[in-house]
Amino acid sequence: MIKIKTHDGPARLGEWNKQISPTLINYKEINIIENIATPYKIQKEIAEEHLEETLKLAEKNEDKNDIAVIQGAQYTDLRVKCAKELVNMGYTTLMFANTDELQRNPQDLLGIIIETRENINPSTALYFPFATTQIIPILTYIGIDIFDNTRAIYEAKNNNLMTNTNIYPQEKYQITSNLEEENINQLKITIKETQENIKNKTLRNLTEQRATTSPELMSLHRILDKQYMNYILKYTPLY
């Protein structure tokens, strides 16, 4: 559960497990309940079957402080159904599945996250694993509270350096000698930068800066402004 202290647009600055949110966690130190891993591109009937199995496993799990998984493949309605039922079971932290694919599909990403955020309790924390540093500010802006270090470790194993604007192949850019340590450090800086921009009510400025660094982020921004302006305005005070 997240205790919200302030908003900057839909972004929330708060407290989750005694940490300032948005926050960065070590994936090795959390408990994720058993669930049915579901491919992103799959027939809806199969996605529904996997979803029902995931919900049955969640119902059997005794500790509702564990992190539950929002399955449902590419289907927004299934994701929302899964999230709502998990919240009704008592779970207060939910993790999105298939986040690698979502980051490559801006339309789906926005629809799934925003519809989920709008249909569950505001105090429910949303966790988006495997995020790049570049996308963290806009994910926070639309309602994500928790990120982890999995992408930093993955890129280091593939000999890539992450910064807040790009991912560099180490063989071409000899920027650091310890990729994993530097990647995690870049994530920490991005999280802190995002927190401070929420405090200063300038997160939108940061997301616009990041949007100039990649076509995918620019697409996210354009779709967000074109299709979800009411969502943004709902949390944006008039001066």
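These legends walk you through several close-up views of a predicted model. Local features need pLDDT of at least 70 and side-chain atom pairs count only at pLDDT 80 or more, while totals for chains, interfaces and linings use all residues. Residues are numbered from 1 along each chain as its sequence is written, and side-chain values use heavy atoms, with hydrogens and water left out.

**View 1. Phe128 in the largest nonpolar core.** The largest nonpolar core holds 55 residues, of which Leu94, Leu109, Phe128 and Leu139 touch the most other members. A nonpolar core is a set of buried Ala, Val, Leu, Ile, Met, Phe, Trp, Tyr and Cys residues joined through side-chain atoms within 4.5 Å. Buried means under 20% relative accessible area, exposed over 50%, and partly exposed in between (1.4 Å probe, protein chains only). Leaving aside residues up to four places away in sequence, Phe128 touches residues including Phe96, Leu102, Leu109, Ile113 and Leu139; contact means heavy atoms within 4.5 Å. A second, separate core of 11 residues includes Ile30, Ile67, Met95 and Ala125.

**View 2. Helices H6 and H7 crossing.** Helices (H or I, at least four residues) and strands (E, at least two) are DSSP runs, numbered from the N terminus. The axes of H6 (residues 150-157) and H7 (residues 179-199) come within 8 Å and cross at roughly 150°. Axes are lines fitted to C-alpha atoms, for helices over the stretch in contact, and angles run from 0 to 180 degrees between N-to-C directions. The crossing angle makes H6 roughly antiparallel to H7 (angles over 145 degrees count as such). Among the residues that meet here are Ile153 and Ala156 in H6, and Ile184 and Leu187 in H7.

**View 3. Gln134 and the residues around it.** Gln134 sits in the loop between strand E7 (125-127) and helix H5 (136-141). Is Gln134 buried or exposed? With a relative accessible area of 11%, Gln134 is buried. Not counting residues up to four places away in sequence, Gln134 touches Thr163, Asn164, Thr165, Asn166, Ile167, Arg210, Thr213 and Leu217.

**View 4. A cis peptide bond at Pro22.** Ser21 and Pro22 are joined by a cis peptide bond, with omega about 5°. You can find Pro22 in the loop between strand E3 (19-21) and strand E4 (23-25).

**View 5. Two asparagines with positive phi.** Asn17 is a residue other than glycine with a positive phi, near 50°. Asn17 is exposed, with a relative accessible area of 53%. For Asn159, phi is near 65°. Asn159 lies in the loop between H6 and strand E9 (160-162) and is partly exposed, at 33% relative accessibility.

Technical notes
Parallel < 35°, antiparallel > 145°, perpendicular 65-115°, else oblique.
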